[in-house]
Amino acid sequence: MSRPLPDELLKVPHRRDVPFARLTTLGVGGLCRWLFEPTTETEAQAFVRACAREKLPYRVLGGGSNLVVLDDIEVPVLRLAFPKAVRREGGSLTAPANHGHIALAEAAGQAGLSGLEFASGIPGSLGGAIRMNAGAYGREWIDVLTRYRFLTPEGDLVEKAPEPGEFRYRWSWLTGGRVVLSATAVLAEGDPARIQAQVAEYRQKRGTSQPLSKRNAGCIFKNPPGQSAGRLIDQAGLKGLRIGDAEVSPEHANFLVNHGHATAAEFAELMDRVRTRVLETHGVELESEVEIWREDSPLTADGR
Ligand code: EPU
């Protein structure tokens with residue numbers, strides 16, 4: 001950042017120069033120059049308000065499991081560090097956005113609540129899952145989400161029920177400087193043994209079809225309507241294509257894995273090659289499902 005950050009921003013807990021290798025599951029990327037970690041909603045609000053006042057762009061980081069960082073990131077990065085308490089009211093569970101997504105699904109199962117089984121294998125934070133409308137096995141967050149709290153880009157706190165147009169396949173409107181703070185899911189009373197059995201089945205399915213023992217960022221490309229990106233990449237003969245330590249997984253072609261020392265540049269090149277070959281072979285343009293951060297990329301459609 002060439003200009004100094006305002007004092008009100010620097011009052012929010014923060015760290016300097018944290019490698020993205022430690023902040024993402026894929027384990028590549030440069031340095032996070034400014035990592036802000038508010039421990040309360042008030043601190044998070046102070047962060048967003050200060051940035052809004054200064055017209056300072058910022059990025060929001062969750063569990064880093066669906067993110068490929070290609071450079072050092074100079075703009076302030078916000079990662080919530082709220083206490084991870086889950087509140088139950090009847091069949092509803094409310095948790096802070098930084099709560100572990102898998103941990104929340106497990107807490108629901110242990111409480112005998114059914115509805116989050118689909119989430120039990122999806123890593124990352126709850127906020128990231130809401131922001132992406134994460135899903136698996138035909139279910140997604142919008143199926144269970146009843147309320148959510150977020151900060152507007154101006155730093156106003158809003159709590160509301162989801163409305164049509166706000167969530168779609170792997171997409172929500174919670175970008176553009178909006179910050180998810182917490183979410184409530186409405187679940188059904190269920191038999192803990194049956195919930196556990198369903199979770200075990202999903203885990204087994206994922207474990208056999210996805211390279212979960214290697215560092216990865218989940219599926220890299222969105223499924224084009226009516227098609228499977230994994231199958232298209234597979235049919236293009238790209239499984240096992242490797243650049244340095246970055247490889248198209250031989251287990252599931254829509255996963256790129258880091259064998260240990262891959263660099264951001266290797267991943268960028270591998271993604272380009274996959275996209276180009278799938279276009280040549282199938283005439284289909286693949287769109288990233290993972291979020292990609294580069295220092296010079298527009299932060300979101302409206303510049304944040
Ligand atoms: N397939 C291949 N070759 C491959 C991979 C898959 O031929 O290398 C075929 C499979 O045999 C199957 C079809 O493609 O017939 C679909 O594959 P799969 O069941 O693995 O599901 P997917 O569409 O590739 C989606 C989500 C996953 C989620 C699974 C399970 C997307 C982009 N992917 O994968 O989500 O775990 O369904 O519900 O929506 C993620 O979002 O990061 C992610 C991994």
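Select Arg170 and the ligand. An oxygen atom of the ligand is 3.1 Å from an N or O atom in the Arg170 side chain. That makes a polar contact, a term for a pair of N or O atoms within 3.5 Å; within protein, one must be able to donate a hydrogen and the other to accept it, and residues adjacent in sequence count only if both atoms are side-chain atoms. This is a predicted model, in which local features need pLDDT of at least 70 and side-chain atom pairs count only at pLDDT 80 or more, while totals for chains, interfaces and linings use all residues. Residues are numbered from 1 along each chain as its sequence is written, and side-chain values use heavy atoms, with hydrogens and water left out.

Which residues come nearest to the ligand? They are Tyr137, Cys219, Asn223, Arg231 and Asp234, out of 20 residues around it. A residue is near a molecule or strand if one of its heavy atoms lies within 4 Å of it.

**The sheet with β19**

Next, select β17, β20, β19 and β18. In that order these four strands form an open sheet, with antiparallel pairing. Strands are DSSP runs of E, at least two residues, and helices are runs of H or I, at least four residues; both are numbered from the N terminus. Two strands pair if DSSP finds at least two bridges between them. β17 (215-219) and β18 (242-243) stand at the edges, and each has a single partner strand, so one side of each has no neighbour in the sheet.

Zoom in on β19 (246-248) and β20 (255-258). Three bridges join these antiparallel strands. Glu247 stands opposite Val257 in β20. Then show helix α7 (264-282). α7 packs on the sheet and touches β18, β19 and β20. Its direction makes about 25° with that of β19. Axes are lines fitted to C-alpha atoms, for helices over the stretch in contact, and angles run from 0 to 180 degrees between N-to-C directions.

Move to the loop between β19 and β20 and pick Ala253. Is Ala253 buried or exposed? Ala253 is buried, at 3% relative accessible area. Buried means under 20% relative accessible area, exposed over 50%, and partly exposed in between (1.4 Å probe, protein chains only). Leaving aside neighbours within four places in sequence, Ala253 is in contact with Gly230, Ile233, Asp234, Lys239 and Val248. Contact means heavy atoms within 4.5 Å.

**Along α7**

Select α7 on its own. The expected span is 1.5 Å times one less than the number of residues. The buried residues of α7 include Phe267, Leu270, Met271, Val274 and Val278. Among the elements that the buried residues pack against are β4, α6 (229-235) and β21 (291-293). After α7 comes Gly283, with a positive phi near 70°.

**Helix α2 and its end**

Jump to α2 (41-54). Its 14 residues should span 20 Å, and the end C-alpha atoms are 20 Å apart, which agrees. Colour Ala44, Gln45, Phe47, Val48, Ala50, Cys51 and Ala52: these are buried. Their cover includes α1 (7-10), β2 (31-36) and β15 (179-186).

Step on to Lys55, in the loop between α2 and β3. Its phi is near 55°, a positive value in a residue other than glycine. Most residues other than glycine have a negative phi. At 67% relative accessibility, Lys55 counts as exposed.

**The mixed sheet**

Select β1, β2, β5 and β3. They form an open sheet in that order, with mixed pairing. β1 (14-19) and β3 are the edge strands, pairing on one side only. Five bridges join β1 to β2, which run antiparallel. Val18 stands opposite Cys32 in β2. In strand β1, pick Asp17. Asp17 has a positive phi near 50° and is partly exposed at 34%.

**Last stop: Ser65**

Find Ser65 in the loop between β3 (59-60) and β4 (67-69). Ser65 is buried, at 13% relative accessible area. A polar atom of its side chain lies 3.5 Å from the backbone nitrogen of Gly124.
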